[in-house]
Amino acid sequence: MREVAVIGAGMTKFGELWSKSIKDIFVEAAIKAIENAGVDHIDSMYVGSMSGGLFVGQEHLGAVMADYLGVNPIPATRVESACASGGVSFRQAYFEVASGQSDIVLAGGVEKMTDGADVTDILATAADQEYEVYQGITFPGLYAMIANAHMHQYKTTREQLAAVAVKNHRNGSKNPNAQFRSEISADTVLNSTLVADPLRLLDCSPVSDGGAAVVLCAMDIAKKFTDSPIRIKASVQASDTIALHSRRSLTTLDAVVRAAEKAYIQSNLKPSDIDFAEVHDCFTIAEIVVSEDLGFFEKGCGGVSVQEGLTSLESGRIPINTSGGLKSKGHPVGATGIAQIIELYEQLQGRAGSRQVKNAHIGMAQNMGGSGASCVIHILEAI
Amino acid sequence: MISPRYFREIPQRYRLEANRCKKCRMIYFPPRQYCGGCKSKEFETIKLSDTGKLLTFTVIRIAPSNFSKETPYAVGVVELNDGVKLTTQITDTDPDKLEIGQKIKLVFRKIQDEGKSGLHCYGYKAIVI
């Protein structure tokens, strides 16, 4: 396996993009990434999408996007792993370059969620249809059950959950591509509509349209295109039972723990070496649990840590979700994993503007599907 | 829900049928064809215990389309006495009085009316005992 670099990135604004189709959105992001990389061609491409079929009635997204991007006849493959589709798309592109099969590959992700389909029903297809969804559970409901168990076991508080949303909105207010660029107070979170107790509307990531793409290439040719290629130090994926109820624990996401362990081994790094991280905060409790399971904080201390500001951009020991995270930046599910990589790329190149992490040298992206049945982790390094 | 799909899940939904690996005694609900633990393919059918305890729960305020007229309703993860865990609605109880650790019993109830024809779909729900 040879070394692989990220050499270009592009994304659409995330939000309710009423005037743009799923094709418009993907192609806009892909063109930006290709132009940013400065390459004159790509050898292959991947499209992460959770459910083009259910959201907009369009499958076969690899071929669709290759056609509209004008890159036929290169291989074009759609990748699906629920909300981890983007991260897994990136990983497939990484393998294709690392194996020597291709030199320059585009990894993208897209979702068009606001065209009228029932988003709650479609997102629920990422859980076990027969044994979870049949009973009337929703995605907010699954994470609410994790939250309730975590609050019971570790005394995590409602205010600590709110602190995640407040922090991520503060970061997102500095991100021009974010869906919500407004700061919110803890009171606003705590008084928002109940969705699934104890989670309220402002504990939940929004329904979003958006696309994101990056260009990967072999490290030995990367300097032809950029003075500051970003090295992929680790690419790791793990799975767990599809149903939350079958897990060993309701408060630890084993797929995250396993993927993180392997990522640290692969990169020869430890949690304290990570300068900043983008993690999958589909709900506020998810960021708390994941920040523990990645080894940044002791188990049960994720809530206290966010409340004490240890994950904030300004004074954080480890800034988490400097982009605003899924909560504020938006969560077009198939694009999310790629957008996390883009935040790493911009931070590591020192181009993150007012949300720049000081001395950012190593960043981690953690993207997951369902209630944690899929997890994909990447570690990127500035060189 | 198309009827073949509903039909083939009746043993689990109506009778709590699981299967147990003959080699390592691991219980699978729903039944599996292959034991991930000991790699055996030999199973026997068993009926699960219908009592256990509540491990966690939520109250659904914004529901999937099939359940939109039922809100608010409680859903939890319960652990049955034989160690199997499953997701189930908790019924006949004020959702605000639920507590983790409460003893529960599974009962046979209608779960939802599904599809354009309104097919009645049945299964298990939990009551607090």
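Which side chain does B:Arg61 meet in a salt bridge? The partner is A:Asp197, at 2.7 Å from N to O, where a salt bridge is a side-chain nitrogen of Lys or Arg within 4 Å of a carboxyl oxygen of Asp or Glu. Between chain A and chain B the count is two salt bridges.

A word on the ground rules. This is a predicted model, with local features needing pLDDT of at least 70 and side-chain atom pairs counting only at pLDDT 80 or more, while totals for chains, interfaces and linings use all residues. Residues are numbered from 1 along each chain as its sequence is written, and side-chain values use heavy atoms, without hydrogens and water.

Now step back to the whole interface. Contact (heavy atoms within 4.5 Å) links 27 residues of chain A with 35 residues of chain B. Together the two chains bury about 2,700 Å², 54% of it on carbon and sulfur atoms; buried area is the accessible area (1.4 Å probe) that two parts lose on being put together, summed over both. A:Tyr131, A:Tyr134 and A:Gln135 supply 32% of the area that chain A buries against chain B, more than any other three residues.

Return to A:Asp197 and follow the backbone: the peptide bond from A:Asp197 to A:Pro198 is cis, with omega near 5°. Another cis peptide bond runs from A:Asn72 to A:Pro73, with omega near 10°.

Finally, look at two backbone phi values. A:His60, not a glycine, has a positive phi of about 60°, and so does B:Lys39 have a positive phi, of about 70°.

Technical notes: Chains are lettered from A and ligands numbered from 1 in the order in which they are written.
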